[in-house]
Amino acid sequence: MKRHVDESRANLRTDKIDLYYVHAPDGVTPIAQSVAALEDMRQAGKIDMIGLSNVTIDQVREALRIAPIAAVQNRYSPADERDAAQESMIDWLDAQGIAFVPHGPLGANPMAQGAAIDPGAALRRLLGRAPNVLAIPGTTTIAHLEQNAAALAE
């Protein structure tokens, strides 16, 4: 983790990264070990906040015993079938003051282009889901960014 943080800082040409995620626990390295390494980097001033991605509530609880967690990023979209565990997690994270950043918020297949559902309706639903939900739909072009902004204005 420490090597990855230093490589990211070098690639981004910055001394400090605002938010650094443990992107995908590998099932071998305990989440506490990864978070402890990031907490060392936070204490050293190399990152400001720690995030977790593709995790369960139990993994977040374990991580919180080591360091403050600013955000959790898991797959979540109005286009997906409702997942009770994910719904509970959003509410639990809100109570903890932790942001929830859904990836794939428009239901797109990460290997294909385009949203599976109406972007405006999806973004409005996500932003209305809970105060801790931050919808970042992603874009690759200015035109796509303008479409997302226009969809929110509808």
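This is a predicted model: local features need pLDDT of at least 70, side-chain atom pairs count only at pLDDT 80 or more; totals for chains, interfaces and linings use all residues.
What is the strand order? The sheet is open and has 4 strands in the order β1-β2-β3-β4, with parallel pairing. Select β1 (17-22) and β4 (99-100) next: these strands stand at the edges, and because each has a single partner strand, one side of each is left without a neighbour in the sheet.

Now turn to another part of the model and select helix α5 (residues 119-129) together with helix α6 (residues 142-153), whose axes come within 8 Å and cross at roughly 65 degrees. Angles of 65 to 115 degrees count as roughly perpendicular, and α5 and α6 are therefore described as roughly perpendicular to each other. Viewed as a pair, α5 passes α6 in a right-handed crossing. To see what makes up the contact, show the side chains of Pro 119, Gly 120, Leu 123, Arg 124 and Leu 127 in α5, which meet Asn 148, Ala 151 and Leu 152 in α6. The residues of this contact divide into 5 nonpolar, 2 polar and 1 charged.

Select Ser 34, which is found in helix α2, residues 31-43. Is Ser 34 buried or exposed? With a relative accessible area of 10%, Ser 34 is buried, since buried means under 20%. Leaving aside neighbours within four places in sequence, Ser 34 is in contact with Met 1, Val 22 and Thr 29.

The other two stops concern backbone angles, for which the background is that most residues other than glycine have a negative phi. Go to Arg 13, in the loop between α1 and β1, where phi is near 55 degrees, a positive value in a residue other than glycine. At 78% relative accessibility, Arg 13 counts as exposed. Finally, select Asn 54, placed in the loop between β2 and α3 (57-64); Asn 54 has a positive phi of about 60 degrees although it is not a glycine, and at 41% relative accessibility it counts as partly exposed.

Technical notes. Residues are numbered from 1 along each chain as its sequence is written. Side-chain values use heavy atoms; hydrogens and water are left out. Axes are lines fitted to C-alpha atoms, for helices over the stretch in contact, and angles run from 0 to 180 degrees between N-to-C directions. Helices (H or I, at least four residues) and strands (E, at least two) are DSSP runs, numbered from the N terminus. Angles under 35 degrees count as roughly parallel, over 145 as roughly antiparallel, 65 to 115 as roughly perpendicular and the rest as oblique. A crossing is left-handed if the near helix is turned anticlockwise from the far one by less than a right angle, and right-handed if clockwise. Contact means heavy atoms within 4.5 Å. Ala, Val, Leu, Ile, Met, Phe, Trp, Tyr, Cys and Pro count as nonpolar, Asp, Glu, Lys and Arg as charged, and the others, Gly among them, as polar. Two strands pair if DSSP finds at least two bridges between them. Buried means under 20% relative accessible area, exposed over 50%, partly exposed in between (1.4 Å probe, protein chains only).
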